[in-house]
Amino acid sequence: MVIFVNLVPVSSSTDSDKEVDGQTKGEDSPVTSSDTGTDIPPADLKPVNIPDDLFSIIFECEGKSQPWRALLACCVSLKRPILAVLAACYKEASVLHCLCVWLLTCMDEAHVALVTQDMTTVQWHRWSLDDLSIILDVAMENKYYSLVVKAFSVFDPNCALMGFLNFVEAFLAFHDADLCKLHLRKFQDALLQCRRSRNDIQLAQIGHQMWYEETAHKLTNILLQKCTTRYDMNMLLSAVTERNVTRLYTETDYVKLYTVFKLLEDEDIDLRMECFINPSEDANKQYYQNIIDTLQEKAKFNLAREFADIMDLPTNQITFNKLLCELSAIQESKVWQRPGGRETFWLKCHQTFKQHQTSPKVAANFFEIQAARQSSIVQQVYVREREQLLGLAHHWLSKEQPLIQREDLEKLEQQIWRCRIKVEVESSERSPDTDEAMQLDKMFQLPDSEKVEPDFGHLGNEELLIRETYIIKRNTPSLLTDPKESKALDKLIQRELENYCISQALKLAKQFQYYNQDLAIVMTCLQLAQGTLNVHEIDPLMKELPKKGRDRRTSWSWMSGGLSRSTSFASLSSFQSDTFTQDVEDVIETMETITEHCTLGKTCCLRILNCYTIGQVLNKSYESIVKHGRFDVLREVLTSEHAHRFPLAKTYIQSSGITDDELAGFLSDAITHSLSIFTGYEDDDAPDSGGELIFSPIQNRENFINLVKLCDNPAVLGNRLLDTAASFASSNTEESNQAFAVEIELLVRGHQCHTLCYNMEGIASVLRTCRTRSMVLAAAEEYSLLVRLLTGVGRYSEMTYIFDILMKVQQFELLFRKGIKDDKLKVALLDYLKRCCPEDKDTFTMVALKFSMHREIAELLEVEAKKFLQHIQHNYKNLDSSPDLQNSLQSVLQFYADAAESYVKVGCLRHAEKCVKKVRLLALQMHLLSTRTKVINLSQRDVNVFIAKHPRFPEALMVSEAYGKHTDWSTAIYNNVVVDGDFRYLEDFKAHLPLPSSLLSEVATRYKRDSSKSSATIANMKKLLSYFSDVELQYRLATEFGFNEIAMTLLQGEGGAFLKDVV
């Protein structure tokens, strides 16, 4: 290489396309003088004509117009790659030419022939990227990958393809997964950099972006085909999919290939990954189907489904075969012997078809095949099972109804009804109390959410407008000759009527030429309501019903809504007797009468009667009520002036099948519209009264409650109103007063709805919204609306933040007008002031006086008195007769006196008495200031000490009563009477309190403990005994203390005989 570098000449030649000069060489010259820039290449050089040493070749070529091309020709002729490297050192040299020549001279002749077989000359060939691509293909096929890497590293190390070539080498030569991923990341970065660049090539000299992508795509496919083991395949696919590098240069989804590989990695399947490169080819599709078939043969249906989903292949047959396999397995188990097990399995099949979105035709075919296998078994359990299977087939087949003949569905319907008739017959023959019957009743009784019933076509409201005539008479011979089957059909018809399937019931009756009384009654009610039949023309059998039935005036409950007849149709007809014509009254009375004889079809009759009655109330025809929108009819009923409009609306709601969600949406819109008008939010002229609106805010609260009770669950309406309030809040960007008013009223009404049904979650949601919106109202200075929100919701303890807002902006007086009629607000106001504003006595007093709340005033005065007492305790350690102290005591005394007066006004006599005792204590303290005796702010110990030693009983009693504590008077009596001999103290005691024997016993105990008794003490004790009336205790104590004269006196006195008996 040193020689190579030193021999690099300083280029001074012209452009590569410049023509060769006119010099010529003889035949002995190693290089011809032909023009290498023309389309006709020079003659190929022969090795014998080329100098032997390197420098001679260089000097010889340097004399030519394109020395680098001459060097390349010598390189090809002599098979010396170093000459191609030297040629690349010229500035005007084509690196692509040099690279191609270098690679060819490094390869075997046989492999070179694969590249040059179509070339006229190799030495003077103009190399292109297509040629380089062919060379790379041959190199990769013949394991020259390291050579290719070396070539690019020598001639174009900055080429964007360099990273990918290193990846190929790492994969094929080193089998290093981490190194593969590293080089792929470098290739990805280089390719992205190339895309971001304005020029396709910056530092790179070979190729462009599109060529890089095409080459990488081609080489990736070659690598894919060279993978001989699944280990290599896994390493390759994991490397190219780690960062999804392949998406940059190929449309082939290698992530999908890797997913397929991992899915089938452990399966004994011949994985031809080249088939996945072009999935649209028919041969490859057949290969995919073979894989699916193989997996199904191994009962690996989930795996087959995953593979089919990945390859976008239909999975209908996989689902079909999987269920057949599961059916075969379960039929050999004990589960199949239990009807419930089979029922669950068929439902699972239905859910499986539904889950995998199977073709309706395939699913229906599956169930039809299984039903056909049950057709030969007549046992009830299998008939029910066949009915279920046919119903499932009908369910799926009806989804393709536009694509099939209606006759196919009708045949299925007939088979289903036949099965149902057989099931009814079998059920009627079994005793309902037997275990077998109970087990059969539980069969095929799935939850409503899991039931799959065949849809025979329901006409909706059109069911109530059928004008067909029920021409079958009672004596018409039926196609069902078995009475049991006729009875079973009877029940089926009645069930259809119960579900408002009048057309289906009529179809069943006509199909079997069967007479059903319930159906006859329903059809009679329909004809009467439509006016196609009058009362006098009804069937004689209908006229006989009242004679056979019970009393027509007997109350009965409407089965769906629980409303008694007295609150629904009977009362309505009687209330409107002045406005109904006689014919209308006869029709209503006849329909009510025959409806009472209907059993399972009664709800159908009631709906017909309800629509007819509403039509008469609103002066409209029956047909218009049925055809009219349900909510239009409901709006007209609610806006009418009918006294029973709410019960009538309730029956209509229940009979027309309006759900709570639908009703809540309707009522929410109506309430919002009414509030918008009455608050001025909408531009429409407000009506003079609420008669044109469903809801009027000026009406009493009872009307709104009746409106809310139309919902079975008022919480649904409450949530709707809350959502509407939220929409007002989000749309009120201009902070309109009217919009705020509507929003507040909606919150209040929503709270009423939740309160009505005790929905705590809904109430909490309203309160959270109120808190948020109160801040907005405060910012907009809408204080009157804040008060409306507070009083409308009425939860004052949870909404004290509104009190805070009003207090802060000095708008607290706005609450006074509301509080006059709201006792709860009065209490909440004072409670708030006591808890949150204890220092603001003026506001508290003003509120209390405003509402004449004397008890609260008294409590406030007591609190003030206690604060003054604490002030005295802290500032006057030693009591004296200073004017300040006297004034303070006088203030406290006045507080307690005023509190006592306020308590008396509201009848709180116990509290008043307590305050009076405090007044006396304070008066005593003022009296005792001159002696520096303290009677206020005493502890329990100080109280006991004062009472025990104070010589004046009335004053001691005042202290005892003021503190309300239990007093030990025995100590006081012993000290003042026995020790000091003050029997005046004892006389005062007797004047206020009784002298119980227990008191004497306690005094005697203290006397015994006194070890330093004087003669005066003994004399006083003797005298004290005479003040008590308990002779036995006196005698016992006199004997114990040695007072013999007293004991003798007692024995000789009136109680002597008693003492002699008990002593």
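**Around Trp969 and beyond**

Let's start at Trp969: setting aside its neighbours within four places in sequence, Trp969 is in contact with Ile947, Phe953, Ala956, Leu957, Ser960, Tyr985, Phe989, Leu993 and Leu999. Keep in mind as you look around that this is a predicted model.

Now widen the view. Trp969 belongs to the largest nonpolar core, which has 195 residues. Trp969 is also listed among those with the most contacts inside this core, together with Tyr622, Leu638, Phe803, Phe812 and Met1021. The helix that gives the most to this core is α24 (residues 517-530), with 9 residues. Apart from this core lies another, of 108 residues, including Leu72, Leu103, Ala160 and Ala239.

Next, a pair of helices. Two packed helices are described by the angle between their axes and the distance between the axes. For α35 (residues 737-756) and α37 (residues 783-793), the axes come within 9 Å and cross at roughly 10 degrees. Because angles under 35 degrees count as roughly parallel, α35 is roughly parallel to α37. On the α35 side, the contact is made by Asn737, Phe740, Ala741, Ile744, Glu745, Leu747, Val748, Arg749 and His751; α37 brings Leu785, Arg788, Leu789, Gly792 and Val793. Sorted by class, this contact of α35 with α37 has 8 nonpolar, 3 polar and 3 charged residues.

Our last stop is helix α40 (residues 823-836). Its 14 residues reach 20 Å from the first C-alpha to the last, close to the 20 Å expected at 1.5 Å a residue. Which residues of α40 are buried? They are Leu825, Lys826, Ala828, Leu829, Leu830, Tyr832 and Leu833.

Key:
Residues numbered from 1 in each chain as written. Predicted model: local features only at pLDDT ≥ 70, side-chain atom pairs only at ≥ 80, totals over all residues. Heavy atoms only, no water. Axes fitted to C-alpha atoms, helices over the stretch in contact; angles between N-to-C directions. Helix = DSSP H or I, 4+ residues; strand = E, 2+ residues; numbered from the N terminus. Parallel < 35°, antiparallel > 145°, perpendicular 65-115°, else oblique. Contact = heavy atoms within 4.5 Å. Nonpolar A, V, L, I, M, F, W, Y, C, P; charged D, E, K, R; others polar. Core = buried A, V, L, I, M, F, W, Y, C linked by side-chain atoms within 4.5 Å. Buried < 20%, exposed > 50% of the residue type's maximum accessible area, 1.4 Å probe, protein only. Expected span 1.5 Å × (residues − 1).
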